[in-house]
Amino acid sequence: MVLHPGSARTEKFWLAERWAEVANHLQASGLPVVLTGGTSRMEKDHLARIKALVTNPVIDLSGKLNLLAVAALIQRARLLATVDSAPMHLAGALGTPQIILSGPPILSTGIPGDRRRSFCRPARRIRAEISCRSKRAIR
């Protein structure tokens, strides 16, 4: 199972505690967990917080793979869990099952710069719905 918790934008980050909870659950189910991510300071800090909260060590490949190697890893993965990021698009192209945590968009049309056709789908939680206007939608 590949977890890619990072993004170039911190508002797309999911809480480190929740990523750790997912990793702990997967490991308790006997599944290996691989972390991927970029080399920016904010991604490294986010990944460090996640690793500090995980019960058992994970395979940390963050900052160690180029884009082609990340694609190869995702292609072999049983599942990718990620935020809205480049690996999400790679998994879609490669047919790898994925869970996407989509946070507040700058513009969510799929057409960069087309402000006339923007739309937003609210994040859903059990028994609750959060407005897209909230920067806390991914929390």
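**A guided reading of the predicted model**

In strand 5, Ile99 is the bridge partner of Ala81. The chain runs from strand 4 through helix 4 to strand 5, and this β-α-β crossover is right-handed; the term applies if, with the strands pointing away from the viewer, the path from the first strand over the helix to the second runs clockwise. Strand 4 and strand 5 are paired in the parallel sense over four bridges, where pairing requires that DSSP finds at least two bridges between two strands.

This is a predicted model, in which local features need pLDDT of at least 70 and side-chain atom pairs count only at pLDDT 80 or more, while totals for chains, interfaces and linings use all residues. Residues are numbered from 1 along each chain as its sequence is written, and side-chain values use heavy atoms, with hydrogens and water left out.

The protein contains four helices and seven strands. Both kinds of element are DSSP runs numbered from the N terminus, helices being H or I with at least four residues and strands being E with at least two. Along the sequence they follow the pattern β-α-β-α-β-α-β-α-β-β-β.

Five strands make up an open sheet, in the order 3-2-1-4-5 and with parallel pairing. Strand 3 (59–60) and strand 5 (98–101) stand at the edges with a single partner strand each, so one side of each has no neighbour in the sheet. Helix 4 (residues 86–94) packs on this sheet, where helix 4 touches strand 1, strand 4 (80–83) and strand 5. The direction of helix 4 makes about 140° with that of strand 4; axes are lines fitted to C-alpha atoms, for helices over the stretch in contact, and angles run from 0 to 180 degrees between N-to-C directions. Elsewhere in the sheet, strand 1 (residues 2–4) pairs with strand 2 (residues 34–35) in the parallel sense over two bridges. In this pair, Leu3 stands opposite Leu35 in strand 2. Strands of a sheet pair through backbone hydrogen bonds, either parallel or antiparallel.

Is Asp60 buried or exposed? Asp60 has a relative accessible area of 16% and is therefore buried; buried means under 20% relative accessible area, exposed over 50%, and partly exposed in between, with a 1.4 Å probe and protein chains only. Apart from residues up to four places away in sequence, Asp60 touches Leu35 and Lys51, contact meaning heavy atoms within 4.5 Å. Asp60 and Val2 are 58 residues apart along the chain, and their C-alpha atoms are separated by 10.0 Å.

The side chains of Asp60 and Ser62 are joined by a polar contact of 2.5 Å. Such a contact is a pair of N or O atoms within 3.5 Å; within protein, one must be able to donate a hydrogen and the other to accept it, and residues adjacent in sequence count only if both atoms are side-chain atoms. Ser62 belongs to the loop between strand 3 and helix 3 (67–76), and at 16% relative accessibility Ser62 counts as buried. Leaving out residues up to four places away in sequence, Ser62 touches Leu35, Thr36, Gly37 and Leu47.

Two residues may be located in the loop between strand 1 and helix 1 (16–28), one of them being Lys12. Lys12 is buried, with a relative accessible area of 12%, and a polar contact of 3.2 Å joins its side chain to that of Asp84. Leu15 lies in the loop between strand 1 and helix 1 as well, but is partly exposed at a relative accessible area of 30%. The C-alpha atoms of Leu15 and Arg49 are separated by 9.4 Å.

In helix 3 one finds Val70, which counts as buried at 11% relative accessibility. Beyond its neighbours within four places in sequence, Val70 is in contact with Leu65, Pro87 and Leu90.

Of the 139 residues in the protein, 40% are buried. The predictor's confidence in each residue is given as pLDDT, from 0 to 100. The protein averages 81, and 73% of the residues score at least 70. Among the elements, strand 2 has the highest mean pLDDT (98) and strand 7 (residues 128–130) the lowest (41). Over residues 107–134 pLDDT stays under 50. Where pLDDT is low, the predicted coordinates should not be read in detail.
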